[in-house]
Amino acid sequence: MELPPGHYLATRAAALAAACLCYRRGSPGRGLALRAVRRASRQDIDGVGQKYHLELVLEDLLDKDSTVNCTAEVLYHLGNNIPPDVQFTIEGELKNAEEADNIFYNRIKSLEKELVAENIPDSHGNVSPEMEPVHLLAWVASGYVIWQNSTENTKFQLAQIKHVKQVKRSDEYLEFDYTILLHEMVSQEIIPWQMTVLWHPQHGVQVTQDSRQPEHASE
Amino acid sequence: DQVLHIVPETFQQVQHLQQLCSTLLLDLWKPQLSEDIWAGEDLHIRVPAPLVQEVKDSLDQHMISYKVLIPDVQKLVDQSMPRERSSHRQVPEGYVYTQYHPMEAIYQWMTQIQKNNSELVTQHYLGKTIENRTMYYLQISQPSDKTKKIIWMDCGIHAREWISPAFCQWFVKEILQNYKSDPKISRFLQNLDLYILPVLNIDGYIYSWEKDRLWRKNRSPHMNGTCYGTDLNRNFNSSWGSIGVSYNCSSEIFCGSGPESEPETRAVAQLIERKKSDILCYLTIHSYGQYILTPYGSTTKPPSNSEELMHVAKQAAAALMGKYGTSYEVGSTSLILYSNSGSSRDWAHTIGIPFSYTFELRDKGTHGFVLPPDQIQPTCEETM
């Protein structure tokens, strides 16, 4: 069944697909975000779940004029006990982020003390240039958390990095421990989430551990 | 202070000038050093204000001709300096609309705006918040003998949506700065009155500045002060409590203990109810998402004037896009976003206000609620 591209079912599935795509293809030098939904259709599969077919436009967060088309398929499983399946194909090439990635990698590798930071962006929305890759890395990694926890009734977005701490490693990977705040659009809740993120320019981003944190009571 | 231009003609004049400079400690601009003063060469001296007359008299006495190069040094300095922002002096000419302001500053801004534009603007008492703060709205109204229809706009019903109050302030400034010169705006004001509520949820807004940037609700205490806040946009009397809400105080969409249970809701509802026969359009400004939303949230059944509502909204979205290419999605909340009940916009429509819209401003989620200040101007300009 064809859906109007602006319908909430379409936009929720699209947000999920974009999050997964961003996780798989993103890096501190390349963040992707959903620009538009071109087409969407939904299919109810008896005994399995709901399947969406989507045509999306994504934009590069570091260069808003750079967009890319992609098609995606999202399958929400009945009962929502298993994370949704997402498959996608990107048309064309994504911008090369090798240089930006390497600069960030070398910068962190050469730090004497482990990187620590809070509130990115700050209350006014500012992110310092040095923190931009740290912000993007969280954006990419949050794609994993969003993907794994989405249902037809949720729409997540990274709201803010509350805290980030680098964890020194003996191997070539960089490791960061993040506490992020996710905004869930339907319930309007702000959900703190901890995630351990591993990254290497040649090996992509990996979330090795994550856990939902208790929301501070409405005080 | 003045700067004098002298071309000494003789060695005697040079000597006199050198003496004058050293005795009175005058500031040599050209040349830098007294010993470099030569007959036939340009001399520029800055003379402090209290000494100007004395110096000129002395030059006259010695038949040394001079010209005044700079009659007022301070004036030149002032002109060349960028205007300094003072956070304590809230003069709207100095008010920075491209920054977010705390509530204290917004209160002062409202007072100043009325003072500086008293022929057009009046500040009105609306009510009190749960923490007993005063709610004011601004009425922009061109004096005339005919009763005019009203456009109501409120901002900041949700504390964390900072771009919303920023837009209301910008809107007021734009109207007041341009109503004489812009024919569209002046025609507007001939036929319509504008009622602007810059911050509806004052307590929440302050809380988001001081304690929790991502706070949404108001600050009403529940359960013996163990839980705070009602979602004001679920608290209006439109299918209250039916869908898209929580009855639990700890939720961000807690609808309150009953319709209009919150003083902020009542303050707005009472005024709008009183004036409803004259209100043509109800606008409520939120963020984020880039939507122009029409009734309803509680049902997908379209409102009676749905076609006209959509038509106007689509035109608005097109005009908005024309500015910076920003795309806004248009449609009913129940189709585009989610189901909800008790929203101010739905209530306004059900009591008979024909054009009722919720604007969700920039962006689409990359920054979300924490929109950086460099986006204030483009967001406001396109929405204008």
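**Aromatic rings and cysteines**

Y137(B) and W152(B) are both buried, where buried stands for under 20% relative accessible area, exposed for over 50% and partly exposed for anything in between (1.4 Å probe, protein chains only). This is a predicted model, in which local features need pLDDT of at least 70 and side-chain atom pairs count only at pLDDT 80 or more, while totals for chains, interfaces and linings use all residues. Residues are numbered from 1 along each chain as its sequence is written, chains are lettered from A and ligands numbered from 1 in the order in which they are written, and side-chain values use heavy atoms, with hydrogens and water left out.

Rings of Phe, Tyr and Trp (its six-membered ring) are taken as a pair if their centres lie within 6.5 Å, and the planes count as stacked when under 30 degrees apart, as edge-to-face when over 60 and as tilted for the rest. By this rule there are 21 aromatic pairs over all chains. In one of them, the ring centres of F104(A) and W199(A) are 5.8 Å apart and the planes stand at 40°, so the pair is tilted. Because F104(A) belongs to helix α2 (residues 98-109) of chain A and W199(A) to strand β9 (residues 190-200) of chain A, this pair ties together parts that are 95 residues apart in sequence; helices (H or I, at least four residues) and strands (E, at least two) are DSSP runs, numbered from the N terminus.

Turning to the cysteines, a disulfide is a pair of cysteine sulfur atoms within 2.5 Å, and the count comes to two over all chains. One joins C155(B) to C168(B), with 2.0 Å from S to S, and with 80° about the S-S bond this link is right-handed. The other joins C227(B) to C249(B) at 1.9 Å, and its -100° about the S-S bond makes it left-handed. The sulfur of C281(B), by contrast, is 13 Å from the closest cysteine sulfur, in C168(B), which is too far for a bond.
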